[in-house]
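Hi everyone, thanks for coming.

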Amino acid sequence: LPHYELFRVPVEGGESVKINEPLVEGGNIFIFKLSPDGQHVVYAADQEVDEQYELYTIALNNVAAGATKLNPSLVAGGDVVSNRFEISPDGNHVVYVADQIFNGVFLLYRVPITGGELNKLGTGALAESQPDLYSISPDSGYVVFLTRTLQQVNLYSVPLLGGENQKLNGTIYTEKGGIERYEISPDSSRVVFLAELNDEW
């Protein structure tokens with residue numbers, strides 16, 4: 001059966017080199033992203049267990065060293081959400097969503113792009129909520145995320161390196177209303193969001 005793997009080649013042409021680790025039978029590279037400084041590629045793949053997606057990083061200037069897995073061991077049935085990871089604009093960290101502790105409970109995590117200590121983002125109840133959407137601010141200082149819990153949709157920010165989360169919207173929007181979209185300003189100082197204020201569509 002056809003499958004996808006990851007290669008590197010000089011931009012002026014030359015020999016292409018496969019850079020991912022060997023894949024389990026049936027495994028595939030699902031998606032990859034390059035760090036803004038071009039030093040690393042991060043990819044999601046069912047590399048070790050077929051249909052169990054995990055997150056890996058490779059230093060492009062030292063491909064021979066192999067890939068480093070960024071997530072810890074997953075609970076049975078757990079996955080990194082393969083299309084929902086982001087590299088911080090400064091290239092230092094990766095933020096991802098996974099049900100790595102409890103199957104079906106997807107939480108938000110941050111890990112250095114080279115691998116290392118993992119941090120769950122958010123404090124209190126927000127550390128146990130399932131993010132609908134998230135973005136990293138252009139200055140790599142904050143993660144802004146939407147949550148939907150108990151028929152409420154709210155917008156929060158939390159420092160990328162860990163700390164207290166801050167609710168950004170005033171009124172709680174019900175499931176019939178809600179925050180439609182948001183954007184972080186280029187200078188990272190503000191968040192603008194579009195919200196449905198009426199409980200009736």
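I'll start with the whole chain and then move to one of its sheets.

First, keep in mind that this is a predicted model. What is the chain built from? It has 17 strands and 0 helices. If you draw a box along the principal axes, the C-alpha atoms fill roughly 60 × 40 × 35 Å.

How much of the chain is buried? Of the 201 residues, 41% count as buried. The chain exposes about 10,900 Å², with carbon and sulfur atoms supplying 52% of that area. As for contacts with a separation of 6 or more, 39% of them come from residues 24 or more positions apart.

Charges, quickly: there are 12 positive and 27 negative ones, and their mean positions lie 5 Å apart.

Okay, on to the sheet. As a reminder, strands of a sheet pair through backbone hydrogen bonds, in either a parallel or an antiparallel way. Here we have an open sheet of 4 strands, in the order E3-E4-E5-E6, and the pairing is antiparallel. Which strands stand at the edges? Those are E3, residues 29-34, and E6, residues 68-69. Each has a single partner strand, so one side of each is left without a neighbour in the sheet.

Let's zoom in on E6. Its antiparallel pairing with E5, residues 52-59, runs over 2 bridges. And if you look for Lys-69 in E6, you'll find Tyr-56 standing opposite.

Key. Residues numbered from 1 in each chain as written. Predicted model: local features only at pLDDT ≥ 70, side-chain atom pairs only at ≥ 80, totals over all residues. Heavy atoms only, no water. Buried < 20%, exposed > 50% of the residue type's maximum accessible area, 1.4 Å probe, protein only. Contact = heavy atoms within 4.5 Å. Areas by Shrake-Rupley, 256 points an atom, 1.4 Å probe, with all protein chains shown as cover. Lys, Arg positive; Asp, Glu negative; His and termini not counted. Charge placed at Lys NZ, Arg CZ, Asp CG, Glu CD. Pairing = 2+ DSSP bridges.
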